[in-house]
Amino acid sequence: MSGHEPTLLQRPLLPRRQWLRSMGGMLAATAGARAHSAAPTTIRLSHVVASDTPKGLALERFRTLVEARSQGRIQVQIFPQGQLYGDHDEMQALQLGAVDMLAPSLSKFGPIGFPEFELFDLPFLFDNVDTVRRLTRGEVGHRLLQGLQRQRLLGLGFFDNGFKHMSGNRPLLEPRDFAGLRMRIQASRVIAQQMRAWGAWPVTLPFSETRLALETGVVDGTENPVSNFWTQGMQAVQHHLSLTAHGYLGYAVVTHQSFWHSLPPAARALVQSALDDALVFANEIADAHNTRALAALRSSGDIAIHSPERRHIDKLKAAAQPVYTDLQQRIGSAWLDAVYAALRKAT
Ligand code: LMR
């Protein structure tokens, strides 16, 4: 033995689960010390999309605000593009304390025990982001975030990306166009049923694997807001984009109670206020960012862009009705009633 303890980076790479477990123990020990040490506090924030997206830019703004307002005493380390954790393990990493904050899509809370979040995935539920905010800024949104405490998670806020469109190697405007296609989706039962209702096969894949799966033909198409589509270069492997605006994609910023409570109260207040400001910024830039991405797609000439007519949308809506009934059976009518009441309420 050479006598000195190999550093974390000198140790042989452990399989991720073993590494997570060892990290869990180590970080619990550091958590207690965090309150007293003069060393800067570091918030590790992982996400799965590119930095040049509404989410990437919002979280960068959050980092800038936290570091400026704390004079560097609190640092935010951002790991984009699934560099650190991806759709399949980010929630577990948060539970184990190997990462401190995430901003997953609202469609990814169902599989970890919060099916009520799939409300946001109901096709054609929202006319625009203002109607979404009647939920996220109201009682429904508050109760959804409160519910995360069931798993010792803390919901710190919601923000938008925008509306999803369909991509494929043919126009996807009405149910018959989807017949037999394998469509990549997020891990949401509502979205899976939406695809089945339109005649397609839903294939759940991590976001980071989507472009390759389209390129290799594992799947035929997918759905996403244009900013995700453009920043992943999906136009190179898809020939048609159909502007269905059939569903909403938004995010919730979450942390773990043990991390949050390891921060001194003043630091929590600073982080929360910086996040609140960053999420206002996020909602201000999201639509413009998607509009710019659509313009870039148009001028690239790489992909044909189709706008569905009213009759197409009516057919998609009619075919998707069973998706609503199923979700109501799964989470109970109280949630749906609260959603309809909030949407009816004029601002
Ligand atoms: C997806 O998996 O398609 C999206 O949730 C990615 C994201 O976070 O925008």
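Me: Let me start with one residue. In which helix does Gln194 lie?

Reply: Gln194 lies in helix 6, which covers residues 189–197. Please keep in mind that this is a predicted model.

Me: Is Gln194 buried or exposed?

Reply: To read this, look at the relative accessible area; a residue under 20% is called buried. Gln194 has 0% relative accessibility, so it counts as buried.

Me: Which residues are in contact with Gln194, leaving aside its neighbours within four places in sequence?

Reply: They are Asp121, Pro123, Met166, Glu223, His246 and Val323. There is also a C-alpha distance to look at: Gln194 and Tyr324 are 130 residues apart along the chain, yet their C-alpha atoms are separated by 9.4 Å.

Me: What about the protein chain in general: how many helices and strands are there?

Reply: The protein chain has 12 helices and 9 strands. It has 347 residues, of which 54% count as buried. Among contacts with a separation of 6 or more, 76% are between residues 24 or more positions apart.

Me: Now the strands, please. With which sense do strand 4 and strand 8 pair?

Reply: Strand 4 (residues 153–168) and strand 8 (residues 240–256) pair in the antiparallel sense, over 13 bridges. As an example, Gly157 stands opposite Val253 in strand 8. Strand 4 is also mostly covered, with 15 of its 16 residues buried.

Me: How many bridges link strand 4 and strand 7?

Reply: There are 3, and this pairing is antiparallel too. Strand 7 spans residues 221–224, and there Thr222 is the bridge partner of Ser167. Strand 7 is also joined to strand 5 (residues 182–185), by 2 bridges, and these two strands run parallel. In that pairing, Arg184 stands opposite Thr222.

Me: Which way do the residues of strand 7 point?

Reply: The general idea is that in a regular strand the side chains alternate between the two faces of the sheet. In strand 7, Gly221 and Glu223 point one way while Thr222 and Asn224 point the other way, and all are buried.

Me: Where should I look for a nonpolar core? Which residues have the most contacts inside the largest one?

Reply: In soluble globular proteins, nonpolar side chains tend to be buried together. Here the largest nonpolar core has 39 residues, and Phe109, Phe120 and Phe126 have the most contacts inside it. At least two residues of this core come from each of helix 3, helix 4, helix 5, strand 4, strand 8, helix 11 and helix 12. Helix 12 gives the most, with 6 residues. Another core lies apart from this one; it has 28 residues, among them Phe62, Val66, Val271 and Ala278.

Me: Which residues does Phe109 touch, not counting those up to four places away in sequence?

Reply: Phe109 touches Met91, Pro104, Phe114, Phe117, Leu148, Ala252 and Val254.

Me: How do I read a pair of helices, such as helix 11 and helix 12? At roughly what angle do their axes cross?

Reply: The axes of helix 11 and helix 12 cross at roughly 120° and come within 6 Å. Helix 11 and helix 12 are therefore oblique to each other. The contact is made by Tyr324, Gln328 and Ile331 from helix 11, and by Ser333, Trp335, Leu336 and Tyr340 from helix 12. These residues divide into 5 nonpolar, 2 polar and no charged.

Me: What is the phi of Gln71 near?

Reply: Most residues other than glycine have a negative phi. Phi of Gln71 is near 45°, a positive value in a residue other than glycine. Gln71 is found in the loop between helix 2 and strand 2, and it is exposed, with a relative accessible area of 63%.

Me: Where does Gln81 lie?

Reply: Gln81 lies in the loop between strand 2 and helix 3. Its phi is near 50°, a positive value in a residue other than glycine. At 37% relative accessibility, Gln81 counts as partly exposed.

Note on methods: Residues are numbered from 1 along each chain as its sequence is written. This is a predicted model: local features need pLDDT of at least 70, side-chain atom pairs count only at pLDDT 80 or more; totals for chains, interfaces and linings use all residues. Side-chain values use heavy atoms; hydrogens and water are left out. Buried means under 20% relative accessible area, exposed over 50%, partly exposed in between (1.4 Å probe, protein chains only). Helices (H or I, at least four residues) and strands (E, at least two) are DSSP runs, numbered from the N terminus. Two strands pair if DSSP finds at least two bridges between them. A nonpolar core is a set of buried Ala, Val, Leu, Ile, Met, Phe, Trp, Tyr and Cys residues joined through side-chain atoms within 4.5 Å. Contact means heavy atoms within 4.5 Å. Axes are lines fitted to C-alpha atoms, for helices over the stretch in contact, and angles run from 0 to 180 degrees between N-to-C directions. Angles under 35 degrees count as roughly parallel, over 145 as roughly antiparallel, 65 to 115 as roughly perpendicular and the rest as oblique. Ala, Val, Leu, Ile, Met, Phe, Trp, Tyr, Cys and Pro count as nonpolar, Asp, Glu, Lys and Arg as charged, and the others, Gly among them, as polar.
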